[in-house]
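Please keep the model open in your viewer while you read, with the selection tool at hand. Each stop below names what to select and then describes what is there.

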Amino acid sequence: MGSTIVEKIFSRKCGSDIRAGEVVMTPIDGAMIHDITGPLAIQKFSEMGGEHVFDPKHVIMLFDHQIPADSLEAAKIHQYMRKFAAEQGIYNYDINEGVCHQVVLEKGRAAPGEIVVGADSHTCMYGAVGAFATGIGSTDMGFALKFGALYFKVPETIRAEVSGKFQKRVGAKDLILAIAADIGADGATYKAIEFAGKTIEKLDMAGRMTCCNMAIEMGAKAGIVPPDKVTWAYMKGRRKMKPFDLASDVDAKFAEKRTYDVSDLEPQVAIPHNVDTGLPVSKVAGIHVDQVFIGSCTNGRYEDLKEAADVLGKKKFHTGTRVLVIPASRDEYLKALENGLIEKFVKAGALVEAPCCGPCMGGSFGLLAPGEVSLSTSNRNFRGRQGSTEASVYLCSAATAAASAMKGEITDPREV
């Protein structure tokens, strides 16, 4: 019997034939911590008697959730982590680069066939390059920092086979919202989701990142796209690696297979207060929005900003709607700046912020007051996620966000 891509990755790391369901102690290739989860992970590392991290070159540290420090407590946390990085010889990206998941991939800190863990649930985004990447808790991270390995129960895999051609202004975010609505919030619990098929093969890396980023919203342990020419083109200049084949065998055993055809897929909007509530935009069009957030590790890349700018054209955003644009990283910000997108957004009435998580987690700025409505390109719309528990958050693509920001209400981007 053949193996899934996930089974192959674990087999390569363990040096033996590993199958889904087995519990194995596996070496890791990278461990990522940021300013929210990092302090507790460091504390657990110390409680376990840790004196030196397993390999400072494989520990990834940066700050993105509360930057620049927005409180005295945040400043103390940053100080604490900077001291740890200096003592351990860890390179700290600090506040300089952007959102952790985008930075990890941009800097080549995750690669095909590798196992990377992060103290953040959306670590699964690194699966876009064919890595097995998963979020872990701070205690597990403390262990990983000390030993450079971790116990894993190798997950079964759900294969999502995608075919068809997207309509204009419909794309990866609409696809993953539709898949989440189909599988459900817990339909892939402790499984991996393999995104495959002709449509996925034609997706650029930005779209693949969007899909893998939101695998966790179905309970998945990981999301992964088999590496191909798109992957290796992205890795070029980021890592010195020779391309190699890594894909599930035709006779691999999957937990289940699901098929999707995007030909007739409409722009999707997930309604409050869960991610698996995606509906065609026509079902919710006309709902007033107080704030539109275009950014996050899900949809804050240049491709997303370009999509929003194309929808905007020469028009302006609605005066009754606050528009926050936050590129996912310094690199993405510079691309947008050099191509005139930042100027366009500012002239249209948006507030453009430096690369960071922004209102996504509700821990910094851009929070919602009771009764307010946000339309966001981020990945979660749980109650209280972006401020008040009495506020509402809808999720959508960058195209839908831009169209809605222009009208002041949820709008089909194909109609703008």
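A disulfide is taken here as a pair of cysteine sulfur atoms within 2.5 Å, and by that criterion the structure holds zero disulfides. The model is a predicted one, in which local features need pLDDT of at least 70 and side-chain atom pairs count only at pLDDT 80 or more, while totals for chains, interfaces and linings use all residues. Residues are numbered from 1 along each chain as its sequence is written, and side-chain values use heavy atoms, with hydrogens and water left out.

**The cysteines**

Select Cys297 and Cys360: the closest cysteine sulfur to that of Cys297 is the one in Cys360, at 6.1 Å, which is too far for a bond. Cys297 is buried, with a relative accessible area of 7%, where buried means under 20% relative accessible area, exposed over 50% and partly exposed in between, for a 1.4 Å probe and protein chains only. Then select Cys356, whose sulfur has its closest cysteine sulfur in Cys357, 6.7 Å away and again too far for a bond; Cys356 is buried as well, with a relative accessible area of 4%.

**The open sheet and the helix across it**

Next, colour by secondary structure; helices (H or I, at least four residues) and strands (E, at least two) are DSSP runs, numbered from the N terminus. Two strands are said to pair if DSSP finds at least two bridges between them. Select β7, β8, β9 and β10, which form an open sheet of four strands in the order β9-β8-β7-β10, with parallel pairing. The edge strands, each pairing on one side only, are β9 (222-224) and β10 (256-261), and the twist averages 20 degrees from one strand to the next.

Within this sheet, strand β8 (residues 191-196) runs parallel to β9 and is joined to it by three bridges. Which residue in β9 is the bridge partner of Glu194? The partner is Ile224.

Contact means heavy atoms within 4.5 Å.

From here, select Gln268, which lies in strand β11 (residues 268-270) and is buried, with a relative accessible area of 6%. Not counting residues up to four places away in sequence, Gln268 touches Asp174, Leu177, Ala178, Gly278, Leu279, Pro280, Leu395 and Cys396.

**Strand β14 and its partners**

Move on to strand β14 (residues 322-326), where four of the five residues are buried, so the strand is largely enclosed by the rest of the structure. Strand β13 (residues 291-295) pairs with β14 in the parallel sense over five bridges, and Gly295 stands opposite Ile326 in β14. Strand β15 (residues 351-352) also pairs with β14 in the parallel sense, over two bridges, with Leu324 standing opposite Leu351 in β15.

**Helix α11 and its two packing partners**

Two packed helices are described by the angle between their axes and the distance between the axes. Select helix α11 (residues 302-312) with helix α12 (residues 330-338): they pack at an angle of about 35 degrees, with their axes 9 Å apart. In this contact Tyr302, Glu303 and Leu305 of α11 meet Glu332, Lys335 and Ala336 of α12, and the residues divide into three nonpolar, no polar and three charged. In this division Ala, Val, Leu, Ile, Met, Phe, Trp, Tyr, Cys and Pro count as nonpolar, Asp, Glu, Lys and Arg as charged, and the others, Gly among them, as polar.

Keep α11 and select helix α14 (residues 398-407), which packs against α11 at an angle of about 35 degrees, with the axes 8 Å apart. Here Asp304, Glu307, Ala308, Val311 and Leu312 in α11 meet Ala398, Ala399, Ala402, Ala403 and Met406 in α14, and the residues of the contact divide into eight nonpolar, no polar and two charged.

The last stop is Ala309, which lies in helix α11 and is buried, with a relative accessible area of 1%. Leaving aside neighbours within four places in sequence, Ala309 is in contact with Leu341, Lys344 and Phe345. To set a distance across the model, select Gln66 together with Ala309: the two are 243 residues apart in sequence and 27 Å apart in space, C-alpha to C-alpha.

Conventions:
Axes fitted to C-alpha atoms, helices over the stretch in contact; angles between N-to-C directions.
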